[in-house]
Amino acid sequence: MQRYAPWKIISIFALILAAFLLIIPSLVGKDSVTRLQSHLPSWVPARQIVLGLDLQGGAHLLLEIDRTDVLKSMVLNLRDQVRGVLTEEKVRPPAVTQITRGWQARVPDPDQRARVLSKLNALAAPTGGLAAGGGSPTYDVKDVGDGSIQVTVTDAGVNDRVRHAIAPSIEVLKRRVDALGTTEPNVQQQGDDRILVEVPGLQDTTQLKELLQGTAKMVFRLVAQPGADPSEYDVLPSTEGGTVNVEKSVMVDGEDLIDAQPSIGQDGNPVINFKFNIRGGQKFAAVTADNVGRQFAVVLDNKVITYPVIRTPILGGSGEISGHFTSESANNLAIQLRAGALPAKLSIVEERTVGPGLGEDSINAGKKAAYVGAALVVIYMLITYGIFGVFANIALAIHISFIFASFVLLGSTLTLPGIAGIVMTIGMAVDANVLIYERIREENHAGRSIIASLDAGFTRAFATIVDSNATMMVVALILLFLGSGPVKGFAWSLIFGIMTSIITAVTMTRMMIALWYAYARPKKLPI
Amino acid sequence: MKLLRLAPENLKFGFMRFRRLSYPMSALLSIISVVLFLTVGMNYGIDFSGGTLLEMRAKSGDADIAAIRNTVDHLGLGTMEVQGFGTPSDVSIRFGTPPAGISADQAGAKVKEALGAQYDVRREESVGPRVSGELVQQGTLGVVVSILAVLAYLWFRFEWQFAVGAIIATMHDLLLTVGFFCVTKLEFNSTSIAAILTIVGYSLNETVVVLDRIREMMRKYKKMPTDDLIDTSVNAVVPRTIMTATTVFLALLALVIFGGEVIRSFSLAMMWGIFVATYSSIFICSPMLIYLGLRNDGSGPGEAPKRPGQT
């Protein structure tokens with residue numbers, strides 16, 4: 001056993017001290033952390049370990065952009081575009097009939113048909129060009145023979161729309177979740193068409209789900225006059241029951257809203273006060289001035305909330321919507337209107353909610369298991385290896401604090417499977433020491449001197465430790481890249497555990513044994 | 001102080017003779033596992049089967065499972081699985097995709113409404129059918145890719161017979177673990193995938209330790225017949241194997257008893273995995289080297305790469 005240079009011993013102690021500094025904030029209560037921070041120098045990151053939702057309680061929702069809804073709105077949009085082209089080319093009548101995923105138009109005149117086809121083809125090219133649309137057209141335009149043209153939405157078109165809807169959706173969801181006022185909500189993209197929303201501490205998800213799901217597309221449209229051409233209005237359901245015929249053209253768009261607040265109306269029921277920007281205010285004033293005496297409909301997500309009569313022109317750009325609101329639904333709607341509309345409908349494809357009580361129970365169970373497990377291992381090592389067991393146990397304690405320090409340092413999330421992973425790496429770390437000790441015994445039994453046995457034990461076992469830990473590391477890394485949620489948490493603790501176990505089991509145990517040997521000068525190996 | 005030894009000193013046990021027994025037995029168990037998997041199948045959790053899980057705790061006293069079953073069966077939401085869970089006041093309610101016209105969300109709300117007066121919701125999970133399908137794919141992919149990656153690593157570090165032996169042993173452990181899930185009906189969820197992959201890791205760890213020693217002995221005793229050589233190597237590592245298996249076993253025992261309901265199936269599977277992995281590293285992987293024709297005449301197939309720290 002070589003002598004250890006003082007600088008080596010000092011740097012190892014510095015490393016251990018650093019690890020302890022990192023984990024101390026996690027050992028004290030949540031409120032003590034700020035107090036602790038004031039006593040420590042500013043360069044010490046007094047952060048606590050980030051606990052997963054399974055340990056602290058909270059809601060985890062996975063939302064997916066609803067492709068059928070995207071397709072539906074694209075098809076609806078397409079109708080106006082096709083009609084536009086037909087009108088431009090003076091096709092009489094500019095009628096289109098709906099088919100699956102698109103529309104069919106009759107254009108009997110061949111010359112006219114050729115011109116319409118070329119215009120529709122220009123429409124079909126992805127607007128973003130090759131880079132954004134992947135080169136495939138958004139619409140499929142074809143001449144079906146009998147004087148008809150079919151235009152349908154392609155899968156590539158839907159994909160393109162979904163891709164473009166993700167980023168603005170995340171922004172809108174962030175604003176909506178922030179309005180809940182909970183601490184550190186997390187909204188992030190997952191895969192191509194999904195958004196993960198995590199809200200720690202929240203247990204009742206009813207409000208959250210309601211808040212997240214509505215697209216909140218609000219428009220103001222005039223109610224159609226009796227006897228109007230049915231192709232010029234839509235029949236929309238009303239929240240008051242029945243249906244309302246509303247004109248297709250939009251008076252004012254919800255995009256022009258700058259504020260919406262819930263309040264109590266004159267009749268004592270909840271209402272929403274809204275305010276337009278200058279452009280919206282002017283448009284609203286102009287339309288209401290022209291249509292005094294008619295009804296206008298407030299349409300939210302294709303449902304008519306209310307359709308009051310315009311008594312006087314509404315100037316000043318603000319107004320009040322009274323529907324059949326409860327104070328909660330008025331509040332939700334106001335949040336949604338302020339946060340803006342979602343570009344597409346979202347559906348919940350995965351939901352996990354853990355109550356804070358269960359989270360606490362899980363932590364306590366995990367802690368208890370860790371303490372008991374560690375105690376069993378420590379005792380077992382002591383009765384098997386005596387003084388060498390003491391060294392192994394010290395290395396083990398340092399190993400565990402290194403794992404927690406890694407969690408703090410890298411800000412990784414500790415989950416319940418993560419605790420299981422730590423218990424697992426305790427076993428793996430002990431294995432490294434066992435390999436070394438058994439090898440030392442073996443070499444000693446084969447007749448080597450004490451010092452030669454110690455040296456041979458460490459060098460020979462090291463190769464095996466590297467091989468076995470490397471295979472384990474391969475598995476852990478794959479878990480990290482391929483796994484989701486709980487598996488990832490497990491992978492992190494395995495990775496941290498494997499890395500630190502090599503350092504502690506080999507380097508630190510070796511140093512302790514070297515120091516012990518220099519001090520005790522044993523005549524016989526005590527294992 | 002007398003130190004504890006679980007393995008006798010200077011063990012000389014003819015492990016390799018047992019291959020005539022261990023191979024047919026393992027083959028049989030593997031086939032049974034596959035048959036069980038195809039016929040009985042595993043008890044998939046909602047992660048893989050889709051559906052909703054509600055975990056509730058009685059606000060006071062014990063949970064009345066019969067009454068709950070009666071209540072939820074009358075909600076018209078399809079088959080409801082009501083089970084006691086952990087402590088007597090806990091109950092878990094599981095159901096698949098509800099009948100058409102009702103979303104999983106509404107179904108969950110109905111159950112909560114029906115029981116809300118006496119029970120608190122402790123956990124609610126609901127996984128859509130498309131997501132669960134993807135989780136199955138992801139899990140399978142994880143297992144397959146990790147085995148391939150490890151195979152590549154072993155191929156690089158050892159002779160090919162070692163890599164093949166290690167993979168056969170690992171597949172064996174994997175199959176028997178699947179069989180274990182089929183027999184015990186423990187819930188198979190994404191945490192169980194973590195358990196399976198850890199078993200793969202542990203199994204390889206065990207195998208590598210044995211193979212490492214065999215390779216070392218091959219260089220030391222160039223003239224020894226392969227059977228004897230492997231026996232000597234296995235005997236040399238058995239004390240370590242028993243020691244490590246016991247330690248990990250103790251840690252897992254603590255997890256099973258105190259770790260809570262959520263990771264119990266994980267820990268139980270791991271315990272089984274350790275047992276199988278230890279067995280297969282000795283009785284399946286090592287004899288495989290004989291069958292694969294590993295020759296120990298000093299001119300073995302390819303010189304083993306030099307190991308770090310080896311003189």
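These are my notebook entries on a predicted model of two chains and the contact between them.

**Ground rules**

I number residues from 1 along each chain as its sequence is written, and chains are lettered from A and ligands numbered from 1 in the order in which they are written. Since this is a predicted model, local features need pLDDT of at least 70, side-chain atom pairs count only at pLDDT 80 or more, and totals for chains, interfaces and linings use all residues; side-chain values use heavy atoms, with hydrogens and water left out.

**Confidence**

I started with pLDDT, the predictor's confidence in each residue, from 0 to 100. Chain A has a mean of 84, with 95% of its residues at 70 or more. Chain B averages 85, and 94% of its residues score at least 70. For the model I noted ipTM 0.85 and pTM 0.79.

Where is confidence lowest in chain A? I found it in helix α6(A), residues 129-133, at a mean of 47, while helix α12(A), residues 387-410, is highest at 92. (Helices, H or I of at least four residues, and strands, E of at least two, are DSSP runs numbered from the N terminus.) In chain B, pLDDT stays under 50 over residues 298-311, and the model has 26 contacts for them beyond four places in sequence; contact means heavy atoms within 4.5 Å. A reminder to myself: where pLDDT is low, the predicted coordinates should not be read in detail.

**Where the chains meet**

Next I looked up the interface, which takes 66 residues from chain A and 72 from chain B. The two chains bury about 6,200 Å² between them, 61% of it on carbon and sulfur atoms. (Buried area is the accessible area, with a 1.4 Å probe, that two parts lose on being put together, summed over both.) In chain A, Arg352(A), Tyr380(A) and Asp467(A) lose the most area to chain B, together 11% of what that side buries.

**Pairs across the interface**

How many salt bridges are there between chain A and chain B? I noted twelve, each a side-chain nitrogen of Lys or Arg within 4 Å of a carboxyl oxygen of Asp or Glu. One to find in the viewer joins Glu442(A) and Arg213(B), with the closest N and O atoms 2.7 Å apart.

I also followed strand β18(A), residues 346-354. β18(A) pairs with β5(B), residues 119-127, in the antiparallel sense over five bridges; strands pair if DSSP finds at least two bridges between them. Here Arg352(A) turns up again, with Glu125(B) as its bridge partner in β5(B).
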